[in-house]
Each structure stands twice: as structure tokens, then as C-alpha cells.
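I opened the model to look up a few things in turn.

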Amino acid sequence: MKIRLLLLFLIVWANLSLAQNKVVFQEEDAAILSEIFEKLQLESDKSTAELVVLAGESLLGTPYVAHTLESEKEQLIVNLRGMDCTTYAENCLAIARCVKNGNTSFFAFAGELQKIRYRFGVIDNYPSRLHYFSDWIFENEQQGFVKQYSKQITNTVYPLRVDFMSTHPDSYPQLKSNKDFVDALAKKEKEISKRKMFYIPEDQISGHETQLKAGDIVGITTSIAGLDMSHVGILVRINGRIHLMHASSSAKKVVISKNTLEDYLRAGKSTTGIAVVRPL
């Protein structure tokens, strides 16, 4: 009963937060969203993972744009005209959840996006955003939006240690002159680093490829000190092999990788594997 009351409280809190915070978007974003919803309106019988793939395919060719969420004041930004790897995955999951829930209004999409992007779905300044993807996975699993599957596949513990943002504040405009934000993130980084996370090492991908599914969302783990994951994408299956659908900085748009996931990972200098979550 206490858990149910807590969840109810968090849902109400998130809805109040959405109502109190301005949603930043352009008319073109609403038009793009409406077009996607129209395409998917008869697909609600499909699984959320299948809908994630359909949403992702609808956004193929969208320009890659970095730093679309950065603003002087932290607020919910909806941008379907350009996106980075994380906002692409967030948009696809939010669209899929709206279609599955049968509520395809712009407000419903904004609400889903806020719950996915922010801790407890509440916007409370810059540190409340889920900046580290391992934290994104943890929080979205707590909300019942996704489930981690790396442990079931390989049971390999990932050496999780994050502190990049607090030790490189000059790399982030919001942290440069705000010690309180840096301190808040440093505290959260210590909490994240205590968690146990699992992953699939890149040299084991081929042996477990049959256990990966289209619509799985993956964070690509990295050897860069202080970071957990350097890229995010959605898995698709082509001719029996797994490929990565993602907002690519090199291709400068949303694409499906020509190479298999296995070959894509091997080509990366700092990639070490993937953490897999499955939409629920």
C-alpha cells in the first residue's frame, strides 16, 4: 500500500510539474508529431518495442543536432526537427507509449517525454535531468517504462564509475558558474557509481545476437574515464542481423547503420559493449 501511495504521489507531482513548466516547441514539432501519430494510430495492438521501431523509422533522415536541450532555465524542450542520440531514443519511446496508451495528444506526448527525461518526471533545475544514460536506465526502469536485459543475457558486471560532469564543469555552460549544480551532480554521481549495472561486452555480441530484439534501446558503454556510455540507439533486425538505428553525428542525421551492430562496435575506438533495456 505504501509503495502504491508513493507511486501515486510521484505521478501527481510529475503532472503538476508539467502544468507549471513551460513546454518549449515550434509549430513544426507539433506538425511532425501529428503526422507520426496519424501513421501509427492503427498500430496500438503492437508491443511498445515494435512501436519504438515504427516511431524511429518515421524519424529517419531527421538532422542530427547537438545540445538541443540547453537553455538558460531548465524547461521541457520538444524538438522533432533535430535531435541527438539520446533525445532521439526519448522521442521514440514517448511516441510509442502514447500510441500504446491510446492518447496521442501533444500534451500527452510532452508528459511522457518529461517523465522519461527527468528524475521522477519533475523538472527542478539542470541537475534533475537524467544526464548519464545509466541513470536514465535506472530511473526509467523504476517507473516501469523499460526493463534491463543485459544481466539475463551475459550476467557481466559493468565497472560503473561516473564523475565526468563534475570534474569537467567548464564543458557544460550550466555548470561553469554554478557551484551548487556541480555539487548536486557530484553527489548524484557518487550514488550512481554505487549501483550494479550489467552489460554485454562487444566481443560477446555475436554469440548473443539472437537474444537481442528489435526495439531494444541500447547505451554503448565506453572506456572514457568518468563516463558510462557515449552513445544511444535503437536495435533493428535486417536480414536476420542486428543493426543500430540512431541519430548519428558522423552521418549528421538519423540513420540505420549499414554495418551490423557487432561491426559498428568494433569500429569504435572507445566502445566496450552495450547495456540493453527493453521497452515495457
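This is a predicted model: local features need pLDDT of at least 70, side-chain atom pairs count only at pLDDT 80 or more; totals for chains, interfaces and linings use all residues.

**Entry 1: burial along H6.** Is H6 mostly covered or mostly open? I found it mostly covered, with 7 of its 10 residues buried. I wrote down the buried ones: Phe133, Ser134, Asp135, Trp136, Ile137, Glu139 and Asn140.

**Entry 2: aromatic pairs.** How many aromatic pairs does the structure hold? I noted 4. I looked up tyrosine 126 with phenylalanine 181, a stacked pair at 6.4 Å centre to centre and 25° between the planes. Tyrosine 126 sits in the loop between helix H5 (106-117) and helix H6 (133-142), and phenylalanine 181 sits in helix H10 (residues 179-193), so this pair ties together parts that are 55 residues apart in sequence. I checked burial for each ring. Tyrosine 126 is buried at 3% relative accessible area. Phenylalanine 181, at 18% relative accessibility, also counts as buried, because the cut-off is under 20%.

I then turned to phenylalanine 133 and tryptophan 136. Their ring centres are 4.6 Å apart and their planes meet at 15°, so I logged the pair as stacked. The two residues are 3 apart in helix H6, which puts about one helical turn between them. Phenylalanine 133 is buried, with a relative accessible area of 6%. Tryptophan 136 is buried too, at 0% relative accessibility.

**Entry 3: charges over rings.** Which ring lies under the charged end of arginine 195? I found the ring of phenylalanine 138, with the charged end 3.7 Å from its centre. I noted another such case at tyrosine 149. There the charged end of arginine 278 sits over the ring, 4.1 Å from its centre.

**Entry 4: the loop between H5 and H6.** I went through backbone angles here. Phenylalanine 120 is partly exposed, at 38% relative accessibility. Asparagine 125 is placed in the loop between H5 and H6 as well. Asparagine 125 has a positive phi near 70°, and it is not a glycine either. I logged asparagine 125 as partly exposed, with a relative accessible area of 42%.

**Entry 5: the largest pocket.** What volume does the largest pocket have? I recorded about 890 Å³. The lining takes in 32 residues, and those nearest the centre are Asp84, Cys85, Thr86, His131 and Tyr172. I asked which elements give two or more residues to the lining. They are helix H4 (85-101), H6 and strand S7 (229-238). Sorted by class, the lining has 17 nonpolar, 9 polar and 6 charged residues.

**Entry 6: leucine 59.** I located leucine 59 in the loop between helix H3 (48-58) and strand S2 (76-77). Is leucine 59 buried or exposed? Leucine 59 is buried, at 1% relative accessible area. I listed its contacts, leaving aside neighbours within four places in sequence: Ile32, Ile36, Leu80, Met83, Tyr88, Cys92 and Val254. I also took a distance from leucine 59 to isoleucine 123. The two are 64 residues apart in sequence and 26 Å apart in space, C-alpha to C-alpha.

**Entry 7: leucine 244.** Where is leucine 244 found? I found leucine 244 in strand S8 (residues 241-248). Leucine 244 counts as buried, at 0% relative accessibility. Not counting residues up to four places away in sequence, leucine 244 touches Val218, Ile220, His231, Gly233, Ile234, Leu235, Val255, Ile256, Ser257, Leu261 and Tyr264.

Notes:
Residues are numbered from 1 along each chain as its sequence is written. Side-chain values use heavy atoms; hydrogens and water are left out. Rings of Phe, Tyr and Trp (its six-membered ring) pair if their centres lie within 6.5 Å; planes under 30 degrees apart count as stacked, over 60 as edge-to-face and the rest as tilted. Helices (H or I, at least four residues) and strands (E, at least two) are DSSP runs, numbered from the N terminus. Buried means under 20% relative accessible area, exposed over 50%, partly exposed in between (1.4 Å probe, protein chains only). A charge sits over a ring if NZ of Lys or CZ of Arg is within 6 Å of the ring centre and within 35 degrees of the ring normal. On a 1 Å grid over the protein atoms alone, a cavity is a set of points where a 1.4 Å probe fits but cannot get out, and a pocket is an open set with protein on both sides within 12 Å along at least five of seven lines; lining residues have an atom within 4 Å of a point. Grid points are joined across faces, edges and corners, and a volume is the space filled by probe spheres set on the points. Ala, Val, Leu, Ile, Met, Phe, Trp, Tyr, Cys and Pro count as nonpolar, Asp, Glu, Lys and Arg as charged, and the others, Gly among them, as polar. Contact means heavy atoms within 4.5 Å.
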